[in-house]
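Please keep the sequence and the model in view while reading.

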Amino acid sequence: MQPQAISSFRLGLFVIATLAILVAGVFWIGAKQFLLQPTYTLNTEFTNVAGLFGGSPVRVGGLVRGSVKQIQLPNRPDGKVKVIMTLVTSTKAVIRKDSTALINSEGLIGDLFVEITFGSPDAPEVEDGAFIASVPPLQISDLVKKANNLLDTANGAMTNIEQTAAALSSIGNKIDRGAGTAGALVNDKSLYSNLNSGVAAMHEDMEALKKNFLLRGFFKNRGYEDTTELKKNLVSEIPTAAPTKTFTYDGEKLFDKPTTAKLKRGKLMNEAGQYLERTPYGLVIVASFSDMRGDSEKEATLSEARSMVARDYLVQNFKLDDTKIKTIGMGKSPRIDKGSEIQVIIYPPSVAVPTAKTTKGKK
């Protein structure tokens, strides 16, 4: 083969290879930016985008299905930052008008992305250019501040423990010497025998209490050993924050009888359980209400039992984070005309699980 022909052949191979790389690059970039698929635009607003930038991925159900097209500052100091997103049209099957957008990160300090939650099946579909609600992003600085507060609290607790240990040592020495009532109890066998008899009598009284009109129904229908089960996940009040979703159920349809907490048609709450499985949440309150008839104390205990039973059904039948699902028995409520009601009140991830138990709130 002549040298000139060889050079022409090599030049042709180079041109073909370059074109192939160019075409592959176009398709690769197009796939990343969804340029080769039908898309639509969604908008949301945040008070702070926390380092988000144009081109950041948008995830739906954990999968990347769009990207941030543009971020616009507000026109006023009291306004919010507008985030314009481009998503593939197929996401309209799960994104509805009650979907919410939140800013997440890959790990603790990884790249940021926008996560859009699934909407309700009965909610309208979103249109091109529509706005959806947002959840404020978690700030790393807030976490650091809370960690510092926890360290300060831990240091104070260690000081208190040392002081308590010294006090207990002093008390122990006095008991060993027989000083005070506790010392007499330890060293005097007759006092111990009398105390034992008193505890046994109290136990018998508690067993008799189980047989009264109200608790008899609880123990017979639910098999409780004691009423402490009702307090395990009880909160003192319903949060003042706006919930993202509330499911309301007629207690007369859910439970076997008006005076018991035995479920008859628990499947009525499946819609709430399925919604919780696919939607991020920070707190769920299962609340029970009754009308103004009957004894207030008995109705309060019955509503606590019913909220606990409804919570147990959701936890046992659906894959949920049960540490975020709490109960409250509201007892007699003037807004209930007749019968009773169970509400499953769902709050966004920004609402934390309450820890303090003070006075019971009213709804």
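A cavity is a set of points, on a 1 Å grid over the protein atoms alone, where a 1.4 Å probe fits but cannot get out; points are joined across faces, edges and corners, and a volume is the space filled by probe spheres set on them. The model is predicted, with local features needing pLDDT of at least 70 and side-chain atom pairs pLDDT 80 or more, whereas totals for chains, interfaces and linings use all residues. Residues are numbered from 1 along each chain as its sequence is written, and side-chain values use heavy atoms, without hydrogens or water.

The count comes to 1 cavity of 30 Å³ or more, and the largest cavity has a volume of about 60 Å³. Its lining residues (an atom within 4 Å of a point) include Asp98, Thr117, Tyr275 and Pro349.

## Nonpolar cores

A nonpolar core joins buried Ala, Val, Leu, Ile, Met, Phe, Trp, Tyr and Cys residues through side-chain atoms within 4.5 Å, buried meaning under 20% relative accessible area with a 1.4 Å probe, protein chains only. In the largest such core, of 25 residues, Leu314, Val344 and Ile346 touch the most other members. A second, separate core of 21 residues includes Phe46 and Leu112.

## Strand pairing

Strands are DSSP runs of E, at least two residues long, numbered from the N terminus, and two of them pair if DSSP finds at least two bridges between them. An open sheet of mixed pairing has 8 strands in the order S7-S1-S4-S3-S2-S6-S5-S8. Strands S7 (130-131) and S8 (133-135) stand at the edges with a single partner strand each, so one side of each lacks a neighbour in the sheet.

Within the sheet, S5 (residues 100-105) and S6 (residues 112-116) pair in the antiparallel sense over 5 bridges, with serine 105 opposite leucine 112 in S6.

Notes: Buried means under 20% relative accessible area, exposed over 50%, partly exposed in between (1.4 Å probe, protein chains only). On a 1 Å grid over the protein atoms alone, a cavity is a set of points where a 1.4 Å probe fits but cannot get out, and a pocket is an open set with protein on both sides within 12 Å along at least five of seven lines; lining residues have an atom within 4 Å of a point. Helices (H or I, at least four residues) and strands (E, at least two) are DSSP runs, numbered from the N terminus.
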